[in-house]
Amino acid sequence: MINSKQYDVIIVGAGPAGSNTAISYKHLNPDLNIAIFDKSQFPRDKSCGDAIGPGVINALKRFGNEHILNGEPEVVSTTLFGPKNIGIQNYIPEVKNKEDSVVYVIPRLDLDNRIFDLAKSLDVDSYEEYRYLGFDRTKDKKIAVTFKNSDGEEETYLTKILVGADGANSRVRKNLNLNQNTDWHKAIAIRAYIDSPNYLEIFKERSLMFEINVSALRGYAWAFPSKDTLINIGIGMPLSLFKKENKNINEMLNDFVETLESRGVIVDNIRMEKSYMLPFASSRPKLAHDQVALVGDAGSMINPMSGEGIFYGMESGFLLAENTHNFLKNENEKINQGIRAYEKSFNKRFSKHYLSCALARLVLQSPFMTQRLLAIASIDQHTIDFVVELLFDEARLTIKEVVLLGSKFLLPLWLLKLLKTTN
Ligand SMILES: Cc1cc2nc3c(=O)[nH]c(=O)nc-3n(C[C@H](O)[C@H](O)[C@H](O)COP(=O)(O)OP(=O)(O)OC[C@H]3O[C@@H](n4cnc5c(N)ncnc54)[C@H](O)[C@@H]3O)c2cc1C
């Protein structure tokens, strides 16, 4: 059944990428008719480390929405462990491109619902329990998008732009005949929640704990403190290696729990284990198509070093709205120009950053290099700050940075220490 309601923009997926696309369009042009469809009923859970950093805070602040973080405890530092138990703790440095150098850990069940609510409050039509099935192009150059509702009935809606924000297994992406990322450009990770009455005591403060290349071969495990005694834990590794080594993700999680316990962390009430894929931005599909665009995980935007994806997804939604909102009353050619401009501005902003993170991923996949990097970082503040900026900001490797880091890798540690003390 074709519904009489027509939209300027239909967004499939109400995760952070989809919701922020809707929020951005409505702020930039309140007259637009925007609809957002999701197969789930919100609030809905999503497998994630739940960590959001300066980028997400910035994206919320852009339209005055940072109040949704009120009352959440701030995470102030990172603790990195590598092979041979080398561990370093570092305050999250002032990042260059953002105002706030703070991280929050908010369960996605909550966070995504808060962001979706922001969109709903802006007169965006929201359809929950509507599963996207596919789209067609009509003779008068509209896109007809078909969904199955909770009663099993099919409904079709017309739009000028269709946005695929439907996550790592995006069906919109499939309908554009774009391949999924290969296993090399994907990770598999599992998340669980635990209660730990002594986590803050063990790590001295609210610290994000990363364990690189130890429990997860060529990957990492994490423990991120949320509110009170709630801790999000998880572990992930490249999918190609996971399959080759015939690993079991639940066993990997159990091993990591044992490692946590061996560090003195009390682990109670392990629950809500859920695994999922992370499509890395080291291999991105074409984002701009004829009246269709991809944002967030549907467009493979996850940082290949850190696994962070919420910020890039939200920012892609903003960039799409920024580049197209003025053209929606024009002909399709103009709209398509805007969609192409979106892809160009996204790539201009993030390509070098992603490339730098992909290189860092290669370094961190070697236990020897991880050990060496952490040893250097433990005596050299600049190196640890740079690693943390790759994790939490949009840092990129310049030639100067490569030469500087390369020389630190080559120098013996005693000489590096000496140079530091004489400086
Ligand atoms: C284990 C793990 C840990 C992670 N940790 C972090 C972290 O700590 N910090 C971070 O920033 N990122 C993290 N990420 C990445 C992050 O989860 C994603 O990058 C982020 O969720 C992308 O947001 P999105 O809106 O693009 O997609 P999603 O959040 O996946 O939202 C997609 C939405 O589309 C809906 N949908 C899907 N198919 C259909 C359909 N056919 N019809 C209608 N609706 C549909 C889904 O119901 C869903 O609500 C992690 C990922 C994993 C797997």
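**Figure 1. Helix α2 against helix α8 in the predicted model****.** The axis of helix α2, residues 54-62, comes within 8 Å of the axis of α8, and the two cross at roughly 30°. Since angles under 35 degrees count as roughly parallel, α2 is therefore roughly parallel to α8. The crossing of α2 and α8 is left-handed. On the α2 side the contact is made by Gly55, Val56, Ala59 and Arg62, and on the α8 side by Ile310, Phe311, Met314, Glu315 and Phe318. By class, the residues of the contact of α2 with α8 are six nonpolar, one polar and two charged.

**Figure 2. Helix α1 against helix α8****.** The axes of α1 and α8 come within 8 Å and cross at roughly 30°. That angle makes α1 roughly parallel to α8. The crossing of α1 and α8 is right-handed, whereas that of α2 and α8 is left-handed. From α1, the residues Pro16, Ala17, Gly18, Asn20, Thr21, Ser24, Tyr25 and Leu28 take part; they meet Ile310, Gly313, Met314, Ser316, Gly317, Phe318, Leu320, Ala321 and Glu322 of α8. The contact of α1 with α8 divides into nine nonpolar, seven polar and one charged residues. Ile310, Met314 and Phe318 of α8 belong to this contact and also to the contact with α2.

**Figure 3. Helix α8 against helix α9****.** Helix α8 spans residues 310-324 and helix α9 residues 332-364; their axes come within 8 Å and cross at roughly 140°. Only angles over 145 degrees count as roughly antiparallel, so α8 is oblique to α9. The crossing of α8 and α9 is right-handed. In α8 the contact residues are Tyr312, Ser316, Leu319, Leu320, Asn323 and Thr324, and in α9 they are Ile335, Gly338, Ile339, Ala341, Tyr342, Ser345, Phe346 and Phe350. The contact of α8 with α9 comprises nine nonpolar, five polar and no charged residues. Ser316 and Leu320 of α8 meet residues of α9 and also take part in the contact of α1 with α8.

**Figure 4. The shell around the ligand****.** The ligand is surrounded by 40 residues, and the closest are Gly13, Gly15, Gly49, Gly296 and Gly309. Two or more residues each come from α1 (16-28), β2 (34-38), β3 (51-52), β8 (131-137), β11 (186-195), β14 (230-238), β15 (268-279) and α8. The shell around the ligand has 16 nonpolar, 13 polar and eleven charged residues.

**Figure 5. The loop between β2 and β3****.** Phenylalanine 42 and proline 43 are joined by a cis peptide bond, with omega about -5°. Proline 43 lies in the loop between β2 and β3, and aspartate 50 has its place in that loop too. Aspartate 50 is not a glycine but has a positive phi of about 70°. Aspartate 50 counts as buried because 23 C-beta neighbours lie inside 10 Å.

**Figure 6. Methionine 272 in strand β15****.** The phi of methionine 272 is near 55°, a positive value in a residue other than glycine. Methionine 272 has 13 other C-beta atoms within 10 Å and is therefore partly exposed, whereas aspartate 50 is buried.

**Figure 7. Tyrosine 104 in strand β6****.** Tyrosine 104 belongs to strand β6, residues 104-105. With 21 C-beta neighbours inside 10 Å, tyrosine 104 is buried. Leaving aside residues up to four places away in sequence, tyrosine 104 touches Ile52, Leu69, Glu72, Glu74 and Val75. Aspartate 228 is 124 residues from tyrosine 104 in sequence, and their C-alpha atoms are 13 Å apart in space.

**Figure 8. Threonine 78 in strand β4****.** Strand β4, residues 77-81, holds threonine 78. Threonine 78 counts as buried, with 21 C-beta neighbours inside 10 Å. Threonine 78 and arginine 206 are 128 residues apart along the chain, and their C-alpha atoms are separated by 8.7 Å.

Conventions. Residues are numbered from 1 along each chain as its sequence is written. This is a predicted model: local features need pLDDT of at least 70, side-chain atom pairs count only at pLDDT 80 or more; totals for chains, interfaces and linings use all residues. Axes are lines fitted to C-alpha atoms, for helices over the stretch in contact, and angles run from 0 to 180 degrees between N-to-C directions. Helices (H or I, at least four residues) and strands (E, at least two) are DSSP runs, numbered from the N terminus. Angles under 35 degrees count as roughly parallel, over 145 as roughly antiparallel, 65 to 115 as roughly perpendicular and the rest as oblique. A crossing is left-handed if the near helix is turned anticlockwise from the far one by less than a right angle, and right-handed if clockwise. Two residues are in contact if their C-beta atoms, placed from the backbone, lie within 7 Å. Ala, Val, Leu, Ile, Met, Phe, Trp, Tyr, Cys and Pro count as nonpolar, Asp, Glu, Lys and Arg as charged, and the others, Gly among them, as polar. A residue is buried if 20 or more other C-beta atoms lie within 10 Å of its own, exposed if 12 or fewer, and partly exposed in between; C-beta atoms are placed from the backbone. A residue is near a molecule or strand if its C-beta atom, placed from the backbone, lies within 6 Å of it.
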